[in-house]
Amino acid sequence: MLRFVLVATLLVTVGLALFSEVTRARVEAHHPPRGAFAAVEGGRLHYRECRPEGEPRGTVVLVHGAYDNHADLLARLGPKLSDYRVIALDRPGHGWSERLAGRAMADPGRQAQALMQALDQIAPERFVIVAHSLAGALSSRIALDRPERLQGLVLLGAMSHPWPGGIAWSQRIAAMPWIGPLYSRVVAVPLARHRLGDSTAVESTAPRPCHEAAGEVRLLLRPDVQQSNAEDMAAVRDFLSAQAPRYGGLELPVLAIAGDRDTIVPPAIHSAAIARAAPQGRLVLLPGVGHMPHHAAPELIAAAVDAMFGAARDRP
């Protein structure tokens, strides 16, 4: 009986790992990179850029959160920001960006440095950052360390402070050095595939309009991306514990937009706290909205970007 159980367990494990690799191949074939790559230390970062027909009003950089990639923010906010140069980046290890420094790249400070290496090449002008969820940690670091490069910071349901408790047990396992890669292949990808449903092969690979990015969430269905997400989640809480006392030194406008029903990144712990701490901070709480303010109120976010560039033009 024991031998039967061991053999059955091995066969199931191998089968699920093979399923994950087949899923990865299908997803990558149907969702190839649609943007460009910037060479940075350790590898390349993928980004997608949209420009208006005429002179842009300014430049807006979109930075996605955990378990996501550039496409979600671009699809939702890109059409509302059509007067701007919009750059949507894949964070290291997500979308089509390389992980660069391996596990060490889970540190939001290192991600901030990598993004700025890319942006110093492709966007030497000042810009507004719009950051969602976990990206609030690294975008706030950019605002603290490179304020001269920014016009303002818009945080969407963003992480800014440490929170009570920790992360999910599944994320703790997936973030482990030895067990994590196995867990990501055998458990994480099949589970994510089940949650997303089986439609990985229905979208066309034909070129799409700049703002159209439907379906690219399925790039999550790759073991290395699942592991990168877990590693990021495991690192961010301690990072924010060290960074939060610095928010009084933010030298630029900071707008925190959050839904009052956000149970993933509760606004009382994060958005309201950074809005209070930042000298030019402000909080907008959206009634009846959860963790995706850009899905619920893209027009409001675009108006906030307009205001930041308008305020800059009005300065002497």
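Partly exposed means a relative accessible area between the buried limit of under 20% and the exposed limit of over 50%. Arg57, with a relative accessible area of 34%, is therefore partly exposed. The model is predicted; the average pLDDT of the protein is 91, and 92% of the residues score at least 70. Across the whole structure, 20 salt bridges are found.

**Confidence**

- Residues 199-207 have pLDDT under 50 throughout.
- For this stretch, 199-207, the model has 20 contacts beyond four places in sequence.

- Asp306 and Arg57 form a side-chain salt bridge, with an N to O distance of 3.3 Å.
- Asp306 belongs to helix H10 (residues 298-314), while Arg57 sits in the loop between strand S2 (43-50) and strand S3 (59-63); the pair links distant parts of the chain, 249 residues apart.
- Asp306 counts as partly exposed because its relative accessibility is 28%, and Arg57 is partly exposed at 34%.
- A salt bridge also joins Glu299 to Lys80, with 3.3 Å between the closest N and O atoms.
- Because Glu299 lies in helix H10 and Lys80 in the loop between helix H2 (70-77) and S4, this pair ties together parts that are 219 residues apart in sequence.
- Glu299 is partly exposed at 46% relative accessibility, as is Lys80 with a relative accessible area of 39%.

**Salt-bridge network around Asp232**

- A network of salt bridges links Arg91, Arg99, Arg103, Glu231 and Asp232.
- Within the Asp232 and Arg99 pair, the side chains meet at 2.9 Å, N to O.
- Asp232 is part of helix H7 (residues 223-243) and Arg99 of the loop between S4 and H3, so placed that the pair links distant parts of the chain, 133 residues apart.
- Asp232 has a relative accessible area of 1% and is therefore buried.
- Arg99 is buried too, because its relative accessible area is 14% and the buried class covers values under 20%.

**Arg91**

- Arg91 is located in the loop between strand S4 (85-89) and helix H3 (108-122).
- With a relative accessible area of 0%, Arg91 is buried.
- The Arg91 side chain reaches the backbone oxygen of His64 at 2.9 Å.
- Beyond neighbours within four places in sequence, the contacts of Arg91 include Val63, His64, Gly65 and Ala66.
- Among the other residues in contact with Arg91 are Ser97, Gln111, Leu115, Leu134, Leu138 and Asp232.

**Nonpolar surface patch**

- Met176, Trp178 and Ile179 make a nonpolar surface patch of about 400 Å².
- Trp178 is found in the loop between helix H5 (169-174) and helix H6 (179-196).
- Trp178 counts as exposed because its relative accessibility is 80%, and exposed means over 50%.

**Val217**

- Val217 has its place in the loop between H6 and H7.
- Its relative accessible area of 34% makes Val217 partly exposed.
- A distance of 7.5 Å separates the C-alpha atoms of Val217 and Ala71, which are 146 residues apart along the chain.
- Leaving aside neighbours within four places in sequence, Val217 is in contact with Asn69 and Leu196.

Definitions and conventions: Residues numbered from 1 in each chain as written. Heavy atoms only, no water. Helix = DSSP H or I, 4+ residues; strand = E, 2+ residues; numbered from the N terminus. Buried < 20%, exposed > 50% of the residue type's maximum accessible area, 1.4 Å probe, protein only. Polar contact = N/O pair within 3.5 Å; in protein donor to acceptor, adjacent residues only side chain to side chain. Contact = heavy atoms within 4.5 Å. Patch = residues over 30% accessible without salt bridge, like charges linked within 9 Å, V, L, I, M, F, W, Y side chains within 5 Å. Areas by Shrake-Rupley, 256 points an atom, 1.4 Å probe, with all protein chains shown as cover. Salt bridge = Lys/Arg side-chain N within 4 Å of Asp/Glu carboxyl O. pLDDT = per-residue confidence, 0-100.
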